[in-house]
Amino acid sequence: MSERRLAAYLVSPSLIVIALVAAYPIGYAIWLSLNQYSVIHPGLSRWVGLDNYKDALTSHDFWSAFKTTFIFTIISVTLELVLGLIMALLMHSAFRGRGVLRAVVLVPWAILTVGTAMMWKTIFDADLGFANQLLKALHLPGSHTVWLGQNGYALAVMIFADVWKTAPFMALLLLAGLQVIPDDVYEAAKVDGATAWQRFWSITMPLLKPAILVALIFRTLDALRIFDLPFVLTQGANGTTSLSLYAYQQLTQNRLIGPGSALAVLTFVIVMTVSFLYIRLVGGNIRGLAEET
Amino acid sequence: MSTAEVTQERVASRARVREKAGRRPGRGGQILVWVGVLLTIVFCLFPFYWIINTSLKTGSELSTGHVFPHHPSVDNYTSIFKNADFTTALKTSAIVAGSSTIIALTIGSFAAYALARLRFKFKFLILAIILSTTTFPPIAIAAPLFKLWTDIGFYNTYQGLILPFLTFVLPLTIYILTSFFQEIPKDLEEAALVDGATRFQAFRKIVIPLAAPGMVTAGLLAFIFAWNEFLLSITLTSSAHRRPVSAAIAFFTGSQQFQIPLGTIAAATVTITVPLIVLVIIFQKRIVAGLTAGAVKG
Amino acid sequence: MNRKLASAGAILACAAIAAGCGSSGGGGTSGSTVAGVGSNAKTVTPGMAQNAKGSVTWCIGKDTTGAFSQVVKLYNQQNPNVHAKLLELPTSADAQRTQLIQREQAKSPECDVLGMDTIWTAEFAAQGWLRDVTPAINARKSEFIPSTLGTTQINGKYWAVPFNTNAGFLYYNTSKVKQPPTTWQQAYQMAKTDGGLGYQGARYEGLTVDFLELLYSNGGSVLSSDGKKATIDSPQAQQVLSFMQQGVKSGAVPKSASTWMEEESRNAFQSGKVSLLRNWPYVYALAKQAHVKFNLEPLPKFGNGQAASILGGYNLGISTYSKNPGGALSFVNYATGPAAQKKFFIKSSLPAVLTQTYSDPAVKKSQPFAPQLLTAVQQGKPRPVSPVYTQISEAIDKNVYSALWSGTSPQTALKNAQSQINKALQTF
């Protein structure tokens with residue numbers, strides 16, 4: 001049979017599943033967001049058009065969640081990139097125990113997120129947590145900080161927990177990128193008298209760019225959707241409410257299906273916009289993938 | 001050498017390139033590197049050690065910050081395995097994560113092959129759609145699914161979780177498998193086709209075996225993702241016998257009175273993580289290859 | 001369109017009456033009125049419990065003292081035809097509510113008997129998740145403390161059976177605090193010198209309760225008497241909020257209290273981190289077991305106001321989707337009967353809802369403060385009774401929290417709370 005026909009048969013099951021479990025729910029979510037469902041009278045609903053969106057976009061809470069999510073994303077992704085790069089360079093230079101290192105570095109990524117979140121919560125407990133005890137033992141200031149009970153500090157803990165979990169993941173992505181750079185390029189530069197720093201900036205970084213971009217895309221989109229950490233650590237208190245958590249709370253705690261769905265759709269739009277911008281930036285990669293036949 | 005062996009050689013040599021060691025710095029640099037490596041190891045492993053530490057503590061010792069348990073005991077472990085809710089949650093997670101992984105691998109490999117090998121229109125569009133699905137925020141489908149599942153009776157069921165998990169797991173496997181399929185040189189299939197095999201036979205007899213490592217990787221990554229999933233797990237289930245492990249841990253009431261069940265939560269986390277870590281250690285090379293698929297392609 | 005407007009108007013009017021009746025307190029059994037509630041509800045009559053059999057699942061929050069399991073066991077022994085099971089929900093009330101709602105929204109028959117905080121009863125009834133238990137209550141109405149019935153009554157019908165009630169107390173460590181304070185001002189003064197005062201300062205319902213106790217004592221209110229608008233932005237409220245904020249700034253209240261719910265504040269008191277504690281009666285038995293030297297007193301007044309207590313506690317409702325309402329009623333009658341109520345009171349310090357329990361000698365011996373508790377309960381004021389109470393409470397706890405721990409000015413906090421509550425009252 002023709003390639004086109006075979007391709008159709010092979011790809012359609014996946015497309016059908018995706019249409020069913022991704023496209024349809026989003027469509028339904030949009031429908032839900034255009035209505036309001038009575039909290040007091042079960043089964044009663046009325047059409048409100050874009051009112052839920054107007055309310056969301058003029059609400060202080062929404063913009064606060066928006067700000068928190070973006071601040072969290074920018075800071076944690078930057079830290080993960082820098083830390084990941086340092087770790088990747090280290091692993092690249094170390095000659096022995098590569099395999100062990102790689103396994104060690106994958107541990108944070110493999111542990112159940114919810115479990116580690118609970119552990120961070122106890123480590124940063126104000127009275128008995130390990131963090132404060134360590135500070136006290138080292139005679140450093142801040143050993144009485146109520147980490148999860150203060151604005152700013154709570155977000156810092158959340159960022160720290162996220163960086164811990166994913167900087168190693170970034171390191172692996174970047175390490176793979178480092179390993180494909182051929183040695184002769186460096187040798188030639190050394191012969192020409194370039195310093196290590198110059199070699200890093202003019203050779204390593206440019207050649208690492210594709211790996212960095214891919215790592216950035218995945219991490220940014222993951223960070224924008226953060227839910228597990230604020231849910232477990234603080235339930236959103238003290239300036240840690242993310243977009244996803246805010247929508248979830250409106251939906252389940254206040255049972256405001258209309259407004260909650262509008263928030264969920266807005267979150268979706270924001271994440272997809274960022275994703276779209278990125279894909280344009282890295283479009284070359286995907287086209288390459290698509291055209292490599 | 002037969003064409004098969006040639007191919008194996010080629011695939012293996014490409015893999016070896018990735019394993020090339022970096023340049024070695026001078027003496028002082030070496031020490032710095034090893035200090036850095038040590039710090040990295042401590043950074044990565046310390047919280048995991050802490051969880052194990054906590055899981056061996058009981059009673060009032062849980063509210064202290066002792067770095068070593070003064071009276072280590074395995075009580076927490078025995079109590080979680082006696083807790084029917086926990087063992088049921090393990091079973092549920094295994095079923096749900098396993099099923100979505102298997103389904104994703106099956107239909108995903110078909111789609112990946114088509115995308116990697118066949119020529120057809122809209123390829124870029126389809127790939128873009130599939131990729132963008134990996135970036136959906138789960139909250140966007142949680143609300144409509146809750147309402148929908150309640151109406152058609154899928155709420156609090158296995159299929160009620162397997163289906164939405166596919167939303168994320170299927171595109172992920174397609175993406176990884178597409179890259180892996182592209183690595184496999186085409187001459188082998190061409191040769192088979194010339195010898196009279198159909199596309200599908202070529203797919204089954206040649207591509208799949210060579211892509212086996214890729215399938216393992218994609219399967220492992222998909223399984224880990226499904227195992228970790230939290231938002232949909234807490235929204236679409238309500239009772240202990242259908243709740244996956246991630247949701248169960250978050251709602252542990254524990255079997256101890258008075259205490260926030262830190263010890264049992266830690267024991268549960270360790271229990272769930274250790275098999276994953278073992279898998280990760282065994283397959284670490286493949287996992288890294290899978291995660292970096294496409295990253296190095298530039 | 002006109003019908004919708006008319007019914008909307010009716011809803012608002014009824015909610016008004018509802019809130020008005022609810023917040024007048026003073027031991028009335030008026031309950032509240034909400035339109036649409038009860039039109040299609042299934043009724044549970046006493047007869048259904050007579051020949052009950054099968055299994056019954058009781059869904060309620062964590063059993064911290066073992067009393068729940070014991071009562072279930074005793075019930076099973078005495079009722080061989082019905083098998084009762086305990087299903088524990090998480091410790092936090094918010095998590096319990098979410099889990100019950102998820103089941104009820106999915107029409108799940110898993111929970112026959114729902115352990116609901118009194119503040120959810122109106123919401124659950126309005127959603128049609130509870131069976132009408134008026135005949136069952138009427139058969140034993142005189143046993144209950146009248147004010148407790150008020151939390152289960154809407155539109156003249158009863159939608160749940162009171163299970164336990166509650167009123168806050170001030171615990172004090174007798175080795176540090178020699179004379180119990182008579183006003184909150186005095187209590188905070190003592191806290192500065194004698195070791196700190198603790199309460200439920202986390203951002204949740206518990207903070208709303210603690211705040212309202214001071215607010216009501218100072219003569220403030222949350223809703224107007226017709227329930228149509230918020231009245232929380234008042235000089236009395238500003239006075240109370242500034243006072244509480246000052247208490248944090250001066251160090252009388254430790255900063256870690258910003259993460260405390262009931263259990264954390266109890267632990268802080270028992271470990272000596274604070275010498276004064278506002279908490280529910282359940283702490284009594286546990287602190288005794290931990291050999292803490294303490295005593296307790298009814299809540300102090302705020303300045304010259306009248307001491308106020310907020311009526312807390314839990315009710316037991318029978319789910320509309322239960323497959324065994326007869327068995328459920330049989331269990332509910334046992335759990336709210338004299339024997340079980342006495343056990344809960346003595347073992348878990350869960351105040352009984354039956355008047356007779358308070359005069360039982362064994363109860364008086366183990367809970368020496370029983371007479372004061374009975375008075376406090378009889379005079380207790382409920383929180384605003386409304387199907388959108390959750391949103392009202394969130395408006396309060398969010399803004400009080402930000403004033404206490406993030407330095408927001410009381411004026412701003414109360415203004416925000418007022419507008420958010422007004423918005424909540426518009427909820428369709």
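What share of the contacts in chain B with a separation of 6 or more comes from residues 24 or more positions apart? The share is 72%. The views below are taken from a predicted model.

**View 1. Chain B is a chain of helices without strands.** The secondary structure of chain B consists of 13 helices and zero strands. Read from the N terminus, the order of elements is α-α-α-α-α-α-α-α-α-α-α-α-α. Of the 298 residues in chain B, 56% are buried. The chain exposes about 12100 Å², and 67% of this area is supplied by carbon and sulfur atoms. Among contacts in chain B with a separation of 6 or more, 72% join residues 24 or more positions apart.

**View 2. Helices α7 and α9 of chain C pack against each other.** Helix α7(C) spans residues 184–194 and helix α9(C) spans residues 235–249. Their axes lie 10 Å apart and form an angle of about 10 degrees. Angles under 35 degrees count as roughly parallel, and α7(C) and α9(C) are therefore roughly parallel to each other. On the α7(C) side the contact is made by C:W184, C:Q185 and C:Y188, and on the α9(C) side by C:F243, C:M244 and C:G247. By class, four of these residues are nonpolar and two are polar, with no charged residues.

**View 3. Five strands of chain C form an open sheet.** The strand order is β2-β1-β3-β11-β6, and the pairing is mixed. Strands β2 (82–89) and β6 (161–166) of chain C stand at the edges with a single partner strand each, so one side of each has no neighbour in the sheet. On average, neighbouring strands of this sheet are turned by 20 degrees against each other, direction ignored. Helix α12 (residues 325–335) of chain C packs on the sheet and touches β1 (54–61), β2, β3, β6 and β11 of chain C. The direction of α12(C) makes about 155 degrees with that of β11(C).

**View 4. Strands β3 and β11 of chain C run antiparallel.** Strand β3(C) covers residues 113–117 and strand β11(C) covers residues 312–318. The two are joined by five bridges. Opposite C:M116 stands C:N315 in β11(C).

**View 5. Four strands of chain C form an open sheet with mixed pairing.** The order of the strands is β8-β9-β7-β10. The edge strands β8 (197–198) and β10 of chain C each pair on one side only. Between β8(C) and β9(C) there are two bridges in the parallel sense, and C:L197 stands opposite C:L276 in β9(C). Between β7(C) and β9(C) there are four bridges in the antiparallel sense. Here C:L276 of β9(C) is the bridge partner of C:Y172. From β9(C), C:L276 and C:R278 point one way, while C:L277 and C:N279 point the other way. All four of these residues are buried.

**View 6. Helix α10 of chain C packs on the four-stranded sheet.** Helix α10(C) touches β7, β9 and β10 of chain C, and its direction makes about 155 degrees with that of β9(C). Within α10(C), residues 262–270, the buried positions include C:E263, C:S265, C:R266, C:A268 and C:F269. The cover over the buried residues of α10(C) includes β7 (169–173), β9 (276–279), α11 (283–289) and β10 (294–298) of chain C. After α10(C) comes C:G272, which has a positive phi, near 90 degrees.

**View 7. A:S38 lies in a loop of chain A.** This loop runs between β1 (35–37) and β2 (45–47) of chain A. Is A:S38 buried or exposed? Buried means under 20% relative accessible area, and A:S38 has 8% relative accessibility, so A:S38 counts as buried. The C-alpha atom of A:S38 is separated by 8.0 Å from that of A:L256, which is 218 residues apart from A:S38 along the chain.

**View 8. Helix α6 of chain A has buried residues.** Helix α6(A) spans residues 130–137, with A:F130, A:A131, A:N132 and A:L135 among the buried residues. Just after the helix, A:H139 takes a positive phi of about 55 degrees.

Terms used:
Residues numbered from 1 in each chain as written. Chains lettered and ligands numbered in written order. Predicted model: local features only at pLDDT ≥ 70, side-chain atom pairs only at ≥ 80, totals over all residues. Heavy atoms only, no water. Buried < 20%, exposed > 50% of the residue type's maximum accessible area, 1.4 Å probe, protein only. Contact = heavy atoms within 4.5 Å. Areas by Shrake-Rupley, 256 points an atom, 1.4 Å probe, with all protein chains shown as cover. Axes fitted to C-alpha atoms, helices over the stretch in contact; angles between N-to-C directions. Parallel < 35°, antiparallel > 145°, perpendicular 65-115°, else oblique. Nonpolar A, V, L, I, M, F, W, Y, C, P; charged D, E, K, R; others polar. Pairing = 2+ DSSP bridges.
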